[in-house]
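Work through the exercises below with the sequence and the model open, and try each task before reading its solution.

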Amino acid sequence: MIRKRNKIKYENVSVKKGTFIRMLSYLIKYKFRLLFVILFFVVSMFAQVYTNLYLKILIDDHVLRMLNEKANGYINYSPFYTSIFHYIILLVIGIICNFIYSIMMVRIGESIMMDIREEMFKKMETLPISYFDKNDTGDIMSRYTLDLDTMRNSLTNSIPQCFAATFSFITIIGSMLVLSINLTLVSISTFLVMFFITKKLSNISISSNIKAQNAIGNLDGYVEEMIKGAKEVKLFSYENRNIIEFNNKNKIWMENAKLADTMSIILMPINNGFGNVIYILSALVGGFIVVNNINNFYLFGVGSLTLGMIVSFLSFSKNFTREISNISSQVPYIYQSLSGANRIFELLDVESEVDNGEYRLSNDGYWVRGIEKIKVEGNIEVNNVYFSYEKDKPILKDINIYARPGQKVALVGKTGAGKTTITNLINRFYDIDSGLITYDGIDIKKIYKKDLRRAMAIVLQDVNLFHGSILDNIRYGNLNATDEDCIRAAKETYASFFIEQLENGYNTIINGDTGDLSQGQKQLLAIARAYIANPPFIILDEATSNIDARTEKLVQTGMDKIMKNRTVFVIAHRLSTIINSDVIMVMDNGEIVERGSHNELLSKKGRYYNLYNGNIELE
Amino acid sequence: MKKIFELIKLSLSNCKKESLLSIFFVAIETTAEVIIPFVMASLIDKGVEVGDFTVIKNTTMVLFVLVVCQMSTGVLCAIFAVRASTIFAYNLRSNIFKKIQTFSFKNIDKFKVGSLVVRSTTDVINIKQSYQIMIRGIIRAILMVVFSTYAACKIHYIGRYAIVAIPFVFLSFFIIAKSALPIFKKVFKSVDDLNNNLSENIRGIRVVKSFSREKFEENKFINISKSIFKNFVKAESIAVMWLPIMHFIMYTINIVIAYFGTMAIIESGNNINLGLTTGSLVSLITYSAQMIGSLMFLAFLTVSLLISIESLVRLYEVFNEEPDIKNIDNKIDEIKNFDIEFKNVNFKYKNKAKSNILTNINIKINEGEKIGIIGGTGSGKSSFVNLIPRLYDVISGEVLIGGINVKQYDLDVLRKSIGMVMQKNTLFSGTIASNVLFGDELASEDEIKEALKISMAYEFVEKKTDGIYERVEQDGANFSGGQKQRICIARAIIKKPKILIFDDATASVDTNTEKKIFNEINKKLNNCTQIIISQKISSINSCDKIIVFDMGEIVGFDTHDNLMKTCAIYREICDLQTKKEND
């Protein structure tokens, strides 16, 4: 199977309407706590603002008074001490509030992360196989990691900051308009120039940033390809050519990264500078208006501008630019988080696999519907089944298979002939387009999927194990199995041979995808796992393809044990392993072209005969 | 540790000028930034408040010049800092990749593929970011601290009280970092666990569903998720203390200066000549606040530097790794004779492994001979041939070519004379031609076609729309197994090797084509030693001699007919395979 490379293109994600509201809705659960956060935040902000004011109070109310008193010979220090004391209390409260709201915000942010994460996972486990076949692993993973992270950051950081900044921006603009519309216009027009430049620069930055990201992706892929192909690189002495090629790609990255970084960094001094320019122009124009006695329009009428008004206006204009850059620095993050949120909601909105039916599987081996009990015999019938993954591209055409209890049915044919697809249908990973599949005479659609799958174990070519001990991995087939049961299963399927040679034997911890074990060893484990599940039906899809012929001969005894008294579907590349099947179906292009026992098929001298003698490539 | 500087020095070699210019401009920018508020204050005090338009006009002119100066030096600094850091990153990455190219498999296994990829991309970017921060941000923050401390002290000796804050800022920074870091490390571990769990579930969804383990997996996931939550909250709760603590320090300094300042003003009677005045008290507090603010910023930047130190160490590990297969000092550049000989060779992949993969191998293959190799998986066949082009080195014993130990030959010379095709070959993304050119970059189009004809690949290549320039996806995903093998055979043949090794190279090719390929090779590559590993007796029984491997030892080396008589294991394999034909 081919693992697609994980390339996510964010620029293509269109943000749906309502994403923002839906994102905010995750905050509702924490509304009371958020109210407290706001309260504490306001108090601590007040303490911070008061610090700036306090100096003026100190000088006007105390220093000047005490200076006067000094001239009179007696200084009353006590109001000064009380004032300092009150100031200290206020600051202490401010600091405590700061502590509390910070910690609360951490908890809220992490709780939201946990909520969404778990919601996503629960949802994911219910999704149909087709979702996983269509979407790349890396792509699904990044929804949990990258997307969730940007969403959290946005919810707990960017959005609140943006709200606060917008709020104070409005107050500032209001105050500026109250003082002078003329000067406000000067400020705003300068700001528009700045905005225009900023926009131009950040556009360049964004587009070259995408190029730089892609260049990194290319480098990433190149390094991976060349290290994975290190054997070839060495055998063909490709090292030097490799370095040249790598540096070409590296250079492309450098040029784009240079442009992207430069454009985004020079925004800082430029914005800063424009902030100062607004200040200077306001002072200049203000002075000009006063000196030439020009009419000053303000929100409540027309009048003359006073010097005091200019001083106040100037202090506002400084904050004006600060708040704007606050907002504009957060907007990209919010936008990014929206496309992240979009991808998260996309996953949450995929339709779950519906699991309803009439029949359940009882532990004593019956299909049960109400009081009706049908013994699980092991009959599977596939009648006139048609199937396609995509409309108008039929994969299976008129498939008929009859598997009797205890029979071994083999499916052979070229890669892509439709063998695996048949197994996908009999455990209902996919639903058929037309036809009928029955288990012991019951329509497959009337059996609960969970029970249907419980009745059937699969061993695939690509074995998936889970992080944990060897024992845990065997027990995955049957959670109630004791350690002894697991060890017995391993012995009977010959997995014990390699397990016992591991340093910690059955307690060796293995990882899902790392290469701790060879493919063959993994397959042996998967066989043991299926064995302990003890189901009436088994699918072996290239189950022994990575076990060499001699070991396979040993494993065969174990395999025979697994297959005994069960209905088995076998797909095998190595035809020697299916010789003793009860019936062999030769598939080509989604159809069964030959069927019969090994000897019958050989004597036909048809397709099977040619496959068997290696005259047709299987891959 | 010396190597780490060597790596930095090497990578900084052609961007020193840019780095210094960046520092130079940031110094001017910072100076302007410190002066501007001064001038602004005097604009208000002496201009606006008094209503003197000439003063306003003149002061705004001065301000304007300063602002332009600040803006332009800021822009210049950004340009040079970015230039310096991206060139630095380019060099770092290039040096690391060069180093990786010298790695043997043992070296690569030590790091793992994924980690080497991360090191040459993400880690390099982290370092680039930090270098940028260092030559811009850190210099700027330090200058700000210095300027504002200087200004505060200059105004009045009370300003010196602010200096007391410096150790406290750093002390609290280190305490917080020290106590939060181990918990963060735990968090990262749980995040790794979570990601592993996720990828296991996504990849293994068929297993989960077919055993109906959805609920079971859900509980596992929720457990990890909860532990991330717990540790994250713990770690972040410590980290967020930073801001309130900084506020505490800043407020304390404020109060101390306010108190002593007030006392000093009263002492002096608000007379500038006798000491502090109300006006300078305001500046004093402003500067001390600015100093602490810059200190905070400095600490903040230090965090991002610390993150990249880990990255730097990881790069250093790669750079410091000694390739364990390399040329000796007085290497031999010519191979005169291609007889291959193994003398008492023992081999295992990991020094720690208990048992050998190959034990006591003694064998001689003459130039031009055609040798077959057979044996079970893990019997040592592939390891045996891997030793010939020195993909691995022996643990003990010698591998000789033409009577000379392979370790004495130049690696390129040795490997250029050997063509090797494996069962699982890597095709690289590019075209069919670019893949064949891997074998010989100077080969002409005709030579490529000729090689493809020998390997029986030309028949399907010809049918492609772009012929030999048909695109090849990564791993050759758009070709079947048999087709890939045939392209790879062409790639090895075009080298015109003196020794040709097929390690199960025709496993996916049908028997007729396989026969044709061998016929062509025998015709076109004369006097080339052929070593053919196969699972199928039929592919090798016509060889001059056959080596039979079992459990890492050679248990037979003779012709097919003789082995049938003398070698039990060979007979067993034969029986197994001929049984099928008689069925």
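Two residues are in contact if their C-beta atoms, placed from the backbone, lie within 7 Å, and helices (H or I, at least four residues) are DSSP runs numbered from the N terminus. The model is predicted, with local features needing pLDDT of at least 70 and side-chain atom pairs counting only at pLDDT 80 or more, while totals for chains, interfaces and linings use all residues. Residues are numbered from 1 along each chain as its sequence is written, and chains are lettered from A in the order in which they are written.

**Exercise 1.** Determine which residues of helix H13 (residues 483–492) of chain A are buried, and what covers them.

Solution. Begin with burial, for which 20 or more other C-beta atoms must lie within 10 Å of a residue's own: Cys486(A), Ile487(A), Ala489(A) and Ala490(A) are the buried residues of H13(A). Seen down the helix axis, the directions to their C-beta atoms fall within an arc of 155°, so these residues line one face of H13(A). Next, the cover over them includes helices H12 (470–475), H14 (496–499) and H15 (519–533) of chain A. Finally, H13(A) is followed by Tyr494(A), which has a positive phi near 65°.

**Exercise 2.** Locate Gly159(B) and describe its surroundings.

Solution. First, Gly159(B) sits in the loop between helix H5 (113–155) and helix H6 (165–203) of chain B. Counting then gives 25 other C-beta atoms within 10 Å, so Gly159(B) is buried. Leaving out residues up to four places away in sequence, Gly159(B) touches Ala152(B), Cys153(B), Leu284(B) and Ser288(B); of these, Leu284(B) is 125 residues apart from Gly159(B) in sequence, yet 6.5 Å apart in space, C-alpha to C-alpha.

Key: A residue is buried if 20 or more other C-beta atoms lie within 10 Å of its own, exposed if 12 or fewer, and partly exposed in between; C-beta atoms are placed from the backbone. Helices (H or I, at least four residues) and strands (E, at least two) are DSSP runs, numbered from the N terminus.
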